[in-house]
Amino acid sequence: MNLAWAFLETPIGLLRVEASAAGLTRVHLAGAPQNEAEGPGWAHVTRFLDFAERYFAGEPVGYAGALDLSGATPQQAALWRYVQSIPYGRTQSYAQVGRALGLHPRAVGAGMRAVPWLLAVPAHRVIHADGRVGGFAGMEGVKAWLLAFEGVNPA
DNA sequence: CGCTCGCACATGG
DNA sequence: CCATGTGCGAGCG
């Protein structure tokens with residue numbers, strides 16, 4: 001697959017944004033920057049960069065561009081699409097998401113773990129039913145930072 | 001109250 | 001096969 005990518009310095013670290021012609025394929029924290037690569041998905045990359053810059057500037061925006069779901073299972077696709085609809089500054093528990101989609105709470109956690117896109121799919125807005133932040137692929141600090149940044153009560 | 005245990009689902013290593 | 005980004009109910013101090 002011919003991919004395009006770019007890097008963006010943000011308050012939570014260096015972000016690497018990657019996309020195919022179908023949409024974003026990955027958004028994650030990278031150690032060191034590499035050369036950018038334009039390709040079929042470049043438009044998706046720039047669209048995300050625009051969103052990210054506004055997000056970190058404090059605007060209550062959400063990424064509404066395309067995501068490349070070619071590698072996702074049906075459950076993941078449904079779950080991620082649902083999570084993408086959770087509005088800025090709001091949170092929902094794993095159980096709530098599970099009830100909305102007919103999935104076991106634990107299955108929701110499993111699905112969230114596999115989210116390939118930081119920010120594009122606001123996985124950080126899904127927390128424990130009792131208010132605890134929960135895990136975040138080994139980066140709980142990032143999750144807590146994002147929630148605080150959006151003005152969510154620390155709990 | 002607070003802590004532990006067991007169970008249920010889906011995914012990735 | 002096993003350990004997760006969980007929730008809920010039960011049991012025990």
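1. At 5% relative accessibility, R125 counts as buried, where buried means under 20% relative accessible area, exposed means over 50%, and partly exposed lies in between (1.4 Å probe, protein chains only). The model is predicted: local features need pLDDT of at least 70, side-chain atom pairs count only at pLDDT 80 or more, and totals for chains, interfaces and linings use all residues. Residues are numbered from 1 along each chain as its sequence is written, chains are lettered from A and ligands numbered from 1 in the order in which they are written, and side-chain values use heavy atoms, with hydrogens and water left out.

2. What is the partner of R125? R125 forms a salt bridge with E150, a salt bridge being a side-chain nitrogen of Lys or Arg within 4 Å of a carboxyl oxygen of Asp or Glu. The closest N and O atoms of R125 and E150 are 2.8 Å apart. R125 lies in the loop between α4 (105–113) and β5 (126–127), and E150 in the segment after α5 (140–149), so the pair ties together parts that are 25 residues apart in sequence. Helices (H or I, at least four residues) and strands (E, at least two) are DSSP runs, numbered from the N terminus. E150 is buried too, with a relative accessibility of 8%.

3. By the salt-bridge rule, the count comes to four. Another of them joins the side chains of R16 and E18, at 2.4 Å from N to O. R16 is buried at 11% relative accessibility, and E18 is buried at 12%.

4. A further salt bridge links R132 and D130, with 2.6 Å between the closest N and O atoms. Are these two residues buried or exposed? R132 is partly exposed, at 46% relative accessible area, while D130 is exposed, at 53%. As a general point, side chains of opposite charge can pair when their charged atoms come close.

5. Helix α5 has buried residues V142, K143, L146 and L147. These residues cover an arc of only 130 degrees around the axis, which puts them on the same side of α5; the arc is that of the directions from the helix axis to the C-beta atoms. G141 and A148, on the other side of α5, are exposed.

6. What covers the buried residues of α5? The cover includes β3 (23–29), α1 (42–56), α3 (94–101) and β5, with contact meaning heavy atoms within 4.5 Å. Just after α5, G151 takes a positive phi of about 85 degrees.
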